[in-house]
Protein chains: 2
Amino acid sequence: MSHANAAASPVIDALVAAFGADEVLAGDASPRHLKDWSGVAGGVPLAILRPRNTDELSRMVAICHAHGQRVVVQGGLTGLVGGAVPGEGEVVVSLERMNRIESIDVDSGTATVQAGAVLQAVQDACRDAGALLTVDLGARGSCQIGGNVATNAGGNRVIRYGNTRESVLGLEVVLADGTVLSMMNRMAKNNAGMDLKHLFIGSEGVLGIVTRVVLRLQPLPRGTSTALVALQDYTAALRFLRHAQQSLSGQVSAFEIMWRDYLETAVEANRLRWPLAGDYPVYVLIDMHCGQPETDGQRFEAMLEQAIEAGWILDAAIAQSVADAEAFWAIRDGIAEVLRDYAPTLNFDVSVPVADIGDCAVRVRANLERDWPQLRALFFGHVGDGNLHVVVCRVPQDADSLHRIEDAVYSVVREQGGSVSAEHGIGRLKKDWLHYSRSEAEIALMRTLKTALDPQGILNPGRMI
Amino acid sequence: MSHANAAASPVIDALVAAFGADEVLAGDASPRHLKDWSGVAGGVPLAILRPRNTDELSRMVAICHAHGQRVVVQGGLTGLVGGAVPGEGEVVVSLERMNRIESIDVDSGTATVQAGAVLQAVQDACRDAGALLTVDLGARGSCQIGGNVATNAGGNRVIRYGNTRESVLGLEVVLADGTVLSMMNRMAKNNAGMDLKHLFIGSEGVLGIVTRVVLRLQPLPRGTSTALVALQDYTAALRFLRHAQQSLSGQVSAFEIMWRDYLETAVEANRLRWPLAGDYPVYVLIDMHCGQPETDGQRFEAMLEQAIEAGWILDAAIAQSVADAEAFWAIRDGIAEVLRDYAPTLNFDVSVPVADIGDCAVRVRANLERDWPQLRALFFGHVGDGNLHVVVCRVPQDADSLHRIEDAVYSVVREQGGSVSAEHGIGRLKKDWLHYSRSEAEIALMRTLKTALDPQGILNPGRMI
């Protein structure tokens, strides 16, 4: 594939002259730089820049800035909203070569890495050093720390450890004019002036390019207790959640709800065993990270027994081995096969206050059944975080139907004061729905910040706002 | 005390005309609006504004904005850096009447309050409702939620629950022109565009006035285990911290280090009992919030026994009653009496990476002993957060000595990449030292944001930057 007009472009000439053809790929581009996991169609970029360090990246951006050249930032390209897909005539900045794990300090609970380091590589290095990087999500084998930070990635462990934001102590960012902004703080407490890093976390690269990160590490858990639990309805799940959180006091490390529709479909698509003897309306996969596995396992069992005695849960299977736990998690992680079997799907990632999730699911389901009785919809999510995922299977592909199905979901979320994007961000795909979750004054302030930091609008243009 | 030139001021005329003399105190001012806990001397304000709700506050600020009138925001006036002390001719906006606890939703884990609500009142209301507001600090009886948010208050529970920032889900803010910016999110996950609330948390009111807050609540602990532990040195404390955190997996709720100098002085000043039979170089007050008190107490004891067997700790006394625990905490909380007995003191609130605190204490002590051998200095802090407090007793009051003592501490912090203000903020008192912890590029960006949001510079002028 050829780059559009690369030969005729003064900015590319300047970049090649400064960095050479290896760092500035202005000829044929690998197709992997043209798309992400969202499937959004993009355009042909002028060039792919592959800096080796912050200094190079800074100088590249300064050249783009001098030419008013638009830039799109790429990490592991696992995004689901098309934010990193290049637009026609943009220059791609790929962080792939900036993947160094610079240091791990277990005593201080910090890891310092370049933004292009792959999440799983950092997780492994931290574990080998004796500490836990709590950021974890399905894309761990491909996604990069810089992308995790830029999108404030969520995942399954948020209920205990928070979003990526809570694992970021320090950042280094290159601004639109090439300025290197170092905020490489390594302390949990630092109130010396504004904490500027938060401006960039979750801002999807529209205010600056994340180049280095100080991550906060936690003690390695010595064991995990896992159970799959059956319940009557969402109200019961909510009661069980409160009970588990109080009884295990901060150690609930995952609390994944699956309505029967999701469980059945995932078991089928992945050819798994039905996990419990009976058949129930709602299931919860719960686990706890712990420090004294023997006594902690007893506390976990006692908690479940109390819940059964109180009538909050109907049945529970406790994993007796790592294989058992993996079998339970295979149901929750089996979403990829569901998406493949029921393509094309429409995938929602919304949040509403925890107490309202049950109502949200009921109302969304009613909206869908009313207008599209033939469509199958699957419900699951991270309850403790208020995060509900809905997969609508085999959706019609005309723009009008897609928009109406989206509205059937997002209108409920809007009424409940929820978010149209709990984890995945806005990117290109959800721009039309941003105003369902953010007020005019909020969007105006986002634009004010964009203008203040990137007056030419060259960083990730047309994304988010 | 009379307000300077209030009668001659068109802005005061406009405010009184719009809101009346009860909400706009333009005559004599209560002295309590003229100072905070820092002791910084201020000036005479033009008036004290006491709005009842966001709408009133918004219209008041709009009038000030139209007149280019400088405004200082006041919460509970417990700040330690003089940020809320009025300057000559400023208008005070007091949040004291906006103290309503609007709602507490235990299932969603949220409390919605006006910014002027006193921390302890919100803590009590949440506890009565069955949930824990984790923000806690010594000033709880006077400080207000809005001030806690604006200064990102820390405290003793940060090691487990994070700073105030981590307890804020949503905010409402009035901007410099009177615009009401509602960001009243109630979910743990919301990646719909930039998370603007973080711009205001910890920004000390220079970008906007916090008017309402959605707080994140945690499950109420069912019990607490507390111990006072004796150790050889900081290296041992660090080893013990790692052991406790891994063994209790997330449940260490306080880990307060006290060097012998602090302990001895606090015991004396408060006429307390010496807490352990022997006399040791370093003490740690550790506690754990738990959910199954009986078995959890056993886990806590087992953790301590392992630490003694391993030689990491020299002695430990476990609280057998609430009275025991209170007696241990009385030592740590006895700082007020120390400050009284040894006034005038110079109080430091710095942070460095956790692994470097011991070295920081050694070097600061050496600097002080070298140049001021007669001065007593006390060391204690929140080790898990990298937060070290140093109290220098009976300091000479000439500006040169004060500056040199500050430099003796802050120069070490600067070399270690630490913060000159871990918890207390910058305000007026620490402005000169901000550049020890933040780079030129960071300070420049703080100014860019200030200009973008408050181009006239009317909000908390001259504070922080």
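The model is predicted, with local features requiring pLDDT of at least 70, side-chain atom pairs counted only at pLDDT 80 or more, and totals for chains, interfaces and linings using all residues. Residues are numbered from 1 along each chain as its sequence is written, chains are lettered from A and ligands numbered from 1 in the order in which they are written, and side-chain values use heavy atoms, with hydrogens and water left out.

Helix α13 of chain A covers residues 399–415. Helices (H or I, at least four residues) and strands (E, at least two) are DSSP runs, numbered from the N terminus. The 17 residues of α13(A) reach 24 Å from first C-alpha to last, close to the 24 Å expected at 1.5 Å a residue. The expected span is 1.5 Å times one less than the number of residues. A kink of about 25° is centred on Ala408(A). The bend at a residue is the angle between axes fitted to the seven residues ending there and the seven starting there. Ala408(A) is also buried. Buried means under 20% relative accessible area, exposed over 50%, partly exposed in between (1.4 Å probe, protein chains only). Other buried residues of α13(A) include Leu402(A), Ile405(A), Val409(A) and Val412(A). An α-helix has 3.6 residues a turn, so residues three or four places apart point the same way. The buried residues of α13(A) pack against β16, α12, β18 and α14 of chain A. Contact means heavy atoms within 4.5 Å.

Strand β13 of chain A spans residues 252–259. Eight of its eight residues are buried, so β13(A) is largely enclosed by the rest of the structure. Seven bridges join β13(A) to β14(A), antiparallel. Three bridges join β13(A) to β17(A), also antiparallel. Two strands pair if DSSP finds at least two bridges between them. Met258(A) has Tyr283(A) as its bridge partner in β14(A) and stands opposite Phe380(A) in β17(A).

Ala117(A) lies in the loop between β6 and α3 of chain A. Ala117(A) is buried, at 1% relative accessible area. Beyond residues up to four places away in sequence, Ala117(A) touches Met98(A), Asn99(A), Val122(A), Cys143(A), Gln144(A) and Ile145(A).

In chain B, five strands form an open sheet with antiparallel pairing, in the order β5-β6-β10-β8-β9. Its edge strands, β5 and β9, each pair on one side only. Within the sheet, β6(B) and β10(B) pair over five bridges. Val113(B) has Val213(B) as its bridge partner in β10(B).
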